[in-house]
Amino acid sequence: MSLNKTACNQLFKLGLIGLGVTNIFATAPALGAPSPIFEAILDELPTSTFTVRLPAVVPTDVELYPVIQQTRPDILVLNVDTTPECAATRCIGFNIITIPKPNAWPAPENRLTPITPVILGSSGIQAYTSEARGLASVEWMQDGSLYMLIYNTDLLSAEDAISMANSMTTEPPVSQAP
């Protein structure tokens, strides 16, 4: 009888340890790769001149088409459109813009759209949101650059955009494959 009691106690202890290990793994943050929508352009990203940050998740069921648009060597614009090869405003899903640290940020108080402060990521990065005419943005400074996530409010909610920005601040930057 004591052998069965000892065996039961051991199994109970193992079960508790198993539950603890399961809880540790369930709550540990996982470093993820950029969202699969970016796979087609990852090798084209100018990671030697920019610290490129992409969201790990894009919370929409709409098919999206990423396009790199670099009109100046110091500005990286990544358009993610709802229609391939469409430059019209109606096709914007979201844009990710990376520019060198500006002299004044956030923009002066005489902006056309008011800004709202938010905190991003577990490191407490100060960011600002704004919205006007069906487009909204989340802006923050990191890695010596200004990052702007500009999104279509018909496609993404403010909560979704802030979640994407959080992901961009905490995930490692994209690096060129060796």
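A polar contact is a pair of N or O atoms within 3.5 Å; within protein, one atom must be able to donate a hydrogen and the other to accept it, and residues adjacent in sequence count only if both atoms are side-chain atoms. The model is predicted, with local features requiring pLDDT of at least 70 and side-chain atom pairs pLDDT 80 or more, while totals for chains, interfaces and linings use all residues. Residues are numbered from 1 along each chain as its sequence is written, and side-chain values use heavy atoms, with hydrogens and water left out.

The side chain of Asn-79 makes such a polar contact with the side chain of Gln-69, at 2.6 Å. Asn-79 belongs to strand 2, residues 75-81; strands (E, at least two residues) and helices (H or I, at least four) are DSSP runs numbered from the N terminus. Asn-79 is buried, its relative accessible area being 14%, where buried means under 20%, exposed over 50% and partly exposed in between (1.4 Å probe, protein chains only).

Strand 7 (residues 145-152) is largely enclosed by the rest of the structure, because seven of its eight residues are buried. Strand 7 pairs in the antiparallel sense with strand 3 (residues 92-100) over seven bridges and with strand 6 (residues 135-142) over eight bridges; pairing requires at least two DSSP bridges between two strands. Ile-96 stands opposite Leu-149 in strand 7, and Ser-137 stands opposite Ile-150.

In helix 2 (residues 158-170), the buried residues include Ala-161, Met-164 and Ala-165. The buried residues of this helix pack against strands 3, 4, 5, 6 and 7, contact meaning heavy atoms within 4.5 Å.

Conventions
The expected span of a helix is 1.5 Å times one less than its number of residues.
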